Amino acid sequence: STQSQAASAGGLSQDELLDRLAEGILTKLPPDFDLEEAEAKFPVAYLESMNTVLVQELIRFNRLTAVVRTSLAQIQKAIKGLVVMSGELDAMFSAMLVNQVPGLWSKVSYPSLKPLSSWAEELFERVDFIQIWIDTGIPKCFWITGFYFPQAFITGVMQNHARKYQLPIDTVTFGYQLVH
């Protein structure tokens with residue numbers, strides 16, 4: 001399957017194809033979130049658990065994007081012969097050639113079964129969602145599946161409700177209704 005990909009990309013070698021793919025992801029990958037700025041703008045507050053949820057999301061996304069950024073830079077160096085192609089980088093190379101998310105990234109990523117191209121686009125969308133939150137304040141509408149850890153969001157919503165209405169948190173439940 002890798003041979004047909006190389007041929008369909010205008011005769012590019014696997015190394016050239018992967019170098020272009022890595023560069024494409026790196027150019028779209030935003031810098032790490034500024035945790036200090038976010039914590040100052042959204043401090044821990046008893047009546048607003050979403051501030052804590054946001055900071056936890058920032059930490060998780062920073063860890064993921066750091067691994068992606070570092071490993072892509074390393075694989076580009078390995079392709080050029082500037083560093084040794086380790087077993088981990090070789091596995092990453094092979095996965096990326098067949099449009100799979102490298103195991104190195106999956107270890108620190110949110111759960112996803114998407115192929116690499118879709119996974120990367122969704123990562124950029126998730127990071128954009130979080131950045132908009134930082135820039136404009138707590139959203140009125142949330143992309144629940146866009147969270148790295150949606151369970152923390154649901155817990156935060158329940159805490160906010162329980163604290164606002166002075167209810168015991170263990171009496172608050174989360175439910176939904178399908179409307180057709």
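**Salt bridges.** I searched the whole structure for salt bridges and found four, taking as a salt bridge a side-chain nitrogen of Lys or Arg within 4 Å of a carboxyl oxygen of Asp or Glu. The model is a predicted one, in which local features need pLDDT of at least 70 and side-chain atom pairs count only at pLDDT 80 or more, while totals for chains, interfaces and linings use all residues. Residues are numbered from 1 along each chain as its sequence is written, and side-chain values use heavy atoms, with hydrogens and water left out.

I looked up Glu-121 and found its side chain in a salt bridge with Lys-28, at 3.1 Å from N to O. Glu-121 belongs to helix H7 and Lys-28 to helix H2 (residues 14-28), so this pair ties together parts 93 residues apart in sequence; helices here are DSSP runs (H or I, at least four residues), numbered from the N terminus. Glu-121 is partly exposed at 36% relative accessible area, and so is Lys-28 at 49%, where buried means under 20%, exposed over 50% and partly exposed in between (1.4 Å probe, protein chains only).

I then turned to Arg-69, whose side chain meets that of Asp-32 in a salt bridge of 3.2 Å, N to O. Arg-69 sits in helix H4 (residues 50-79) and Asp-32 in the loop between H2 and helix H3 (35-41), 37 residues apart.

**Around Arg-126.** I noted a salt bridge from Arg-126 to Glu-122, with the closest N and O atoms 3.2 Å apart, and both residues lie in helix H7, four residues apart, about one turn of the helix. Arg-126 is buried at 5% relative accessible area, and Glu-122 counts as buried at 12%. A network of salt bridges links Lys-114, Glu-122 and Arg-126. The charged end of Arg-126 also sits over the ring of Trp-143, 6.0 Å from its centre (CZ of Arg or NZ of Lys within 6 Å of the ring centre and within 35 degrees of the ring normal).

**Aromatic pairs.** I counted 13 aromatic pairs, with rings of Phe, Tyr and Trp (its six-membered ring) pairing if their centres lie within 6.5 Å, and planes under 30 degrees apart counted as stacked, over 60 as edge-to-face and the rest as tilted. Tyr-110 and Tyr-148 have ring centres 5.9 Å apart and planes at 90°, so I recorded the pair as edge-to-face. Tyr-110 is buried at 3% relative accessible area, and Tyr-148 is buried at 10%. Trp-143 came up again in a cluster that ring pairs form from Phe-129, Trp-133, Phe-142, Trp-143, Phe-147 and Phe-153.

Note on methods
Helix = DSSP H or I, 4+ residues; strand = E, 2+ residues; numbered from the N terminus.
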